Amino acid sequence: MWDYIKLIVVGAVVVLAAIAASYARDLPYMVNALTIMLAAVGLFIWTMRGLGDAKPSTDGYADGVVRAGVIATALWGVVGFLVGVWIATLLAFPSLNFEWAQGYLNFGRLRPLHTSAVIFAFGGNGLIATSFYVVQRTSAARLWGGNAGWFVFWGYQIAIVLAATNYVLGATQSKEYAEFEWFADLWLTIVWVVYLIVFMGTLYKRKEKHIYVANWFYLSFIVTIAMLHIVNNLSIPVSFFGSKSVQVFSGVQDMMTQWWYGHNAVGFFLTAGFLGMMYYFVPKQAERPVFSYKLSIIHFWALIFLYIWAGPHHLHYTALPDWASTLGMVMSIILWMPSWGGMINGLMTLSGAWDKLRTDPIIRMMVVSIGFYGMSTFEGPMMSIRAVNSLSHYTDWTIGHVHSGALGWNGMITFGALYFLVPRLWNRERLYSLKLVSYHFWLATIGIVLYASALWVSGIMEGLMWREVDANGFLVNSFADTVEAKFPMNVVRTIGGLLYLTGAIIMCYNLWATVAKGTAKADAAAPVPAE
């Protein structure tokens, strides 16, 4: 019965998408409508072929969607890093902005493609996959909703493809980390609400009375991102058959809403969600309990209360009233304390197991990620201080700060989680090669250090050059002078990114070899207790 209802719904989507494509007022909208139509046709055929087949067993954990998420995380990561290395190369060598690429593959089109691929495709898939894995294991319950988890996975991939094609074809809201146009925003909202329902449904039917702290972090990330996404993307389409829209907010209100969203995207997508990852995978890999469960609860409540106020520190020296940006600055400085509480909790979980750092490159990767989390959460509050911000803002220092956090904290903890998950999800005795993990660790670590250090030097130099004046009060340096002076640092930045990308490619090979060449375990993992 449900299969026939699904066929009717999917068939209707095919027809409506075809109509939308035929009435499209611009190329991005038409391409996206055709993308949805083709995806719906594929689902229609898949459902038709499965009619009458026996239903899959629901005795164990729903790990199929987790496996798919792990694969997507690794592949999107390489794509995002590759685009990042290319646009870094364009900054160092502008002559590589080929004429034939203008309008489609120039820096302005590829830069949002890179940020969305790394944050939402790589990071988002990592969060979805690990949250589905963790919530099942810590709840002793199968993922709620049957195939709803698969809807979340494939719906999210469609949203990523819609966004990527939009950017290349020039359809964007021009809002940092929120470039999706209105129809992609609507689709992502539907997918995210289903994600929330699946996660909460699994918690609701849990067989463990206690809700483990990692699930609190994952849940806060899902709920808060939903709120931020909806409010920041309130817009009115110019046409139902066109990609362009008009923002509901304007002027300083739009600016304030954007950076309330932007900083909390960092705070909840790139921090709270990945702390959920840390609180599960670090203790599991170290084979030690969390150092202080009480501290983890304090960390959680302090973090989610304070982070939501910190956004205005991006808006010093703008039309925003000083009291609002000062409030954001104060909250950012206070935020340093719970952030370091979480860092200490993560590092001290290795108490009694520090020897593993010599022998286990996976735990080494996780520990370095926690170190970068601590460094970034010190640097961020410091950069929010008005006097420091006057030097750092709009310079490469900010880019260095973002990348030390994204590559060092988010990237390394995700790599560690992938290395932990693959042997278990595919029932292998061990990873294919710990030596390759070690190569990945050193390539990534050296790459981050080169990348971030180059941009710290470049950014501080840039800020000082911009504010240098002569005896008469006139600026000494033109903008072109600062661009020329940054050339060596841009080259080092590109080398650092290339090393990081090389490490990710080695990881993909190692994970593939683990599945394809690894020895299967004699005994499979025990299934989840019966409903």
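**Helix packing, salt bridges and a nonpolar surface patch**

The crossing of α5 and α6 is left-handed. In this predicted model, helix α5 covers residues 148-169 and helix α6 covers residues 182-204; their axes come within 9 Å of each other and cross at roughly 155 degrees. Angles over 145 degrees count as roughly antiparallel, and α5 is therefore roughly antiparallel to α6. A second pair is formed by helix α3 (residues 64-92) and helix α4 (residues 107-139), which pack at an angle of about 155 degrees with their axes 8 Å apart. The helices α3 and α4 are therefore roughly antiparallel to each other, and α3 passes α4 in a left-handed crossing.

Attention now turns to charged side chains. Side chains of opposite charge can pair when their charged atoms come close. With a salt bridge taken as a side-chain nitrogen of Lys or Arg within 4 Å of a carboxyl oxygen of Asp or Glu, the count comes to eight salt bridges. One of them joins Glu176 to Arg111, with the closest N and O atoms 2.9 Å apart. Because Glu176 lies in the loop between α5 and α6 while Arg111 belongs to helix α4, this pair ties together parts that are 65 residues apart in sequence. Arg111 has a relative accessibility of 27% and so counts as partly exposed.

Lys175 forms a salt bridge with Asp254, at an N to O distance of 2.8 Å. Distant parts of the chain are linked by this pair, since Lys175 is in the loop between α5 and α6 and Asp254 is in helix α8 (residues 251-286), 79 residues apart. Both Asp254 and Lys175 are buried.

A further salt bridge connects Asp396 and Lys486, whose closest N and O atoms are 3.4 Å apart. Asp396 is placed in helix α14 (residues 396-425) and Lys486 in the loop between α16 (479-485) and α17 (487-517), so that the pair links distant parts of the chain, 90 residues apart.

On the surface, a nonpolar patch is formed by Leu27, Met30, Leu34, Trp86, Phe98, Trp100, Tyr104 and Leu105, which together have about 780 Å² of accessible area. Helix α2 (residues 27-49) gives the most to this patch, with three residues. Met30 lies in helix α2 and, at 32% relative accessibility, counts as partly exposed.

Notes
Residues numbered from 1 in each chain as written. Predicted model: local features only at pLDDT ≥ 70, side-chain atom pairs only at ≥ 80, totals over all residues. Heavy atoms only, no water. Patch = residues over 30% accessible without salt bridge, like charges linked within 9 Å, V, L, I, M, F, W, Y side chains within 5 Å. Areas by Shrake-Rupley, 256 points an atom, 1.4 Å probe, with all protein chains shown as cover. Helix = DSSP H or I, 4+ residues; strand = E, 2+ residues; numbered from the N terminus. Buried < 20%, exposed > 50% of the residue type's maximum accessible area, 1.4 Å probe, protein only. Axes fitted to C-alpha atoms, helices over the stretch in contact; angles between N-to-C directions. Parallel < 35°, antiparallel > 145°, perpendicular 65-115°, else oblique. Left-handed = near helix turned anticlockwise from the far one by under 90°.
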